[in-house]
Amino acid sequence: MVGNRWLTRAMIGLAGVAVAVGVGATLVVGEFAGEVGHIAIPPDDSATAPDDEEAVDVLVMGSDSREQPGDFLHGSRSDVMMLAHIPPPDHGPVRVMSIYRDLWVELPGRGAHKINAATAFGGPELAVRAVEDLVDTHIDHTVLLDFAGFREITDAIGGVDLDNPREFDARGHHFDDGPIHVDGEDALTFVRERYEFDGGDFTRVDNQQLFLRALLDEVFSREIVTNPVRLSALLRDAGQYLWLDDGLTLPRMVSLASRVVDTGLGDVEYFAVPVAGVGTSDDGQSIVLPDVAGLGELRAAFDREDFEDYLAGH
């Protein structure tokens, strides 16, 4: 299922932003376009590729693999799951929904499990099917990220500044509350930690979204995508940790990047899948319970392409 090398097209997506706004990063992209690895997820025969006037949903997954890049493609669980919804033109901002790793769902063909077990049981393909069932919408593209990629990307751009809402210590790292600067190792700990918080995975999801906002702010404020030298370095440093599905080609990324830029990079909205609290499964696992009514409202929001009322109530 996996391509022969580990060069990122997720970061080439950033290059697509530059191309879309007329900046000359094309040569940098061309240098790497022929070497990119891929994930061959079988297409859904009932779905067609969205055109430029339709919404696009991208599932982003991060692994909890502690070994070699890509191990999570062969049996490890996903530690981060985010669904990025890119609306049609003039239909509101990009929205990013976090999915709790311990959310208790029915995995197709596997029964009831935590949703992060999908990659262990059936790789990215089963995870995609599980999320499609969860929100009742078609996922158009898939991005996979080894957690070490957080470290490499953060170091490649010189670190990230963020406003940390809570002081904590984890794995030999100390994080003050308030404005802090994190390098790659700090970033990896910041997005992984959950045991130090009363809120557990809920707080970790908050921190992941906080870090993602800060990372995007740094990438665009430092004009990395407009600087071929810096972009090339970023591609080389982070490339071995990311994979994309076959359909997320360079022209496709340029098109999507243009739409995101037109929508407004500073207007991205973040939220989480609706839940009804925590519980215990029949076999004794600590789990996050889905909010069935809230999921119904969320599915309707996807169907109508109208999230304002849903987000106002959640």
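I take buried to mean under 20% relative accessible area. I keep that cut-off at hand, and I note that this is a predicted model.

**Entry 1: the chain as a whole**

I began with the overall make-up. The protein chain has ten helices and 14 strands. Of its 314 residues, 53% are buried. I then looked at contacts between residues at least 6 apart in sequence. Of these, 69% join residues at least 24 apart.

**Entry 2: strand β6**

I turned to β6, residues 141-146. How many of its residues are buried? I found six of six. Next I sorted them by direction. H141, V143 and L145 point one way from the strand. T142, L144 and D146 point the other way. Both sets are buried.

I then looked for the partners of β6. Strand β1, residues 56-63, pairs with β6 in the parallel sense, over six bridges. Within this pairing I picked out G62, which stands opposite L145. I also noted S63, whose bridge partner in β6 is D146. With strand β11, residues 242-244, β6 pairs in the antiparallel sense, over three bridges. Here L145 stands opposite L242. I reminded myself that strands of a sheet pair through backbone hydrogen bonds, either parallel or antiparallel.

I stayed with α4, residues 148-156. Its buried residues include A148, G149, F150, R151, I153 and T154. Just after the helix, G158 takes a positive phi of about 85°.

**Entry 3: S98 in β3**

S98 lies in strand β3. Is S98 buried or exposed? At 2% relative accessibility, S98 counts as buried. I listed its contacts, not counting residues up to four places away in sequence. S98 touches M81, M82, V205, Q209, F271, A272 and V273.

**Entry 4: α3 against α9**

I went back to α3, residues 118-135, and looked at α9, residues 292-304. The two helices pack at an angle of about 95°, and their axes are 8 Å apart. That makes α3 roughly perpendicular to α9, because angles of 65 to 115 degrees count as such. On the α3 side I found D133, L134 and V135. They meet L295, L298, R299 and F302 of α9. The residues of this contact divide into five nonpolar, no polar and two charged.

**Entry 5: the nonpolar cores**

I looked up the largest nonpolar core, which has 38 residues. Which residues touch the most other members? They are V160, L162, V182 and F211. Helix α6, residues 201-221, gives the largest share of this core, five residues.

L162 is in contact with G178, P179, I180, V182, F190, L210, F211 and A214.

**Entry 6: A276 in β13**

I ended with a residue of strand β13, residues 275-280: A276. Is A276 buried or exposed? A276 counts as exposed, because its relative accessibility is 53% and the cut-off is over 50%. Leaving aside neighbours within four places in sequence, A276 is in contact with L289, P290 and D291. I also compared A276 with A293. They are 17 residues apart in sequence and 9.6 Å apart in space, C-alpha to C-alpha.

Definitions and conventions: Residues are numbered from 1 along each chain as its sequence is written. This is a predicted model: local features need pLDDT of at least 70, side-chain atom pairs count only at pLDDT 80 or more; totals for chains, interfaces and linings use all residues. Side-chain values use heavy atoms; hydrogens and water are left out. Buried means under 20% relative accessible area, exposed over 50%, partly exposed in between (1.4 Å probe, protein chains only). Helices (H or I, at least four residues) and strands (E, at least two) are DSSP runs, numbered from the N terminus. Two strands pair if DSSP finds at least two bridges between them. Axes are lines fitted to C-alpha atoms, for helices over the stretch in contact, and angles run from 0 to 180 degrees between N-to-C directions. Angles under 35 degrees count as roughly parallel, over 145 as roughly antiparallel, 65 to 115 as roughly perpendicular and the rest as oblique. Contact means heavy atoms within 4.5 Å. Ala, Val, Leu, Ile, Met, Phe, Trp, Tyr, Cys and Pro count as nonpolar, Asp, Glu, Lys and Arg as charged, and the others, Gly among them, as polar. A nonpolar core is a set of buried Ala, Val, Leu, Ile, Met, Phe, Trp, Tyr and Cys residues joined through side-chain atoms within 4.5 Å.
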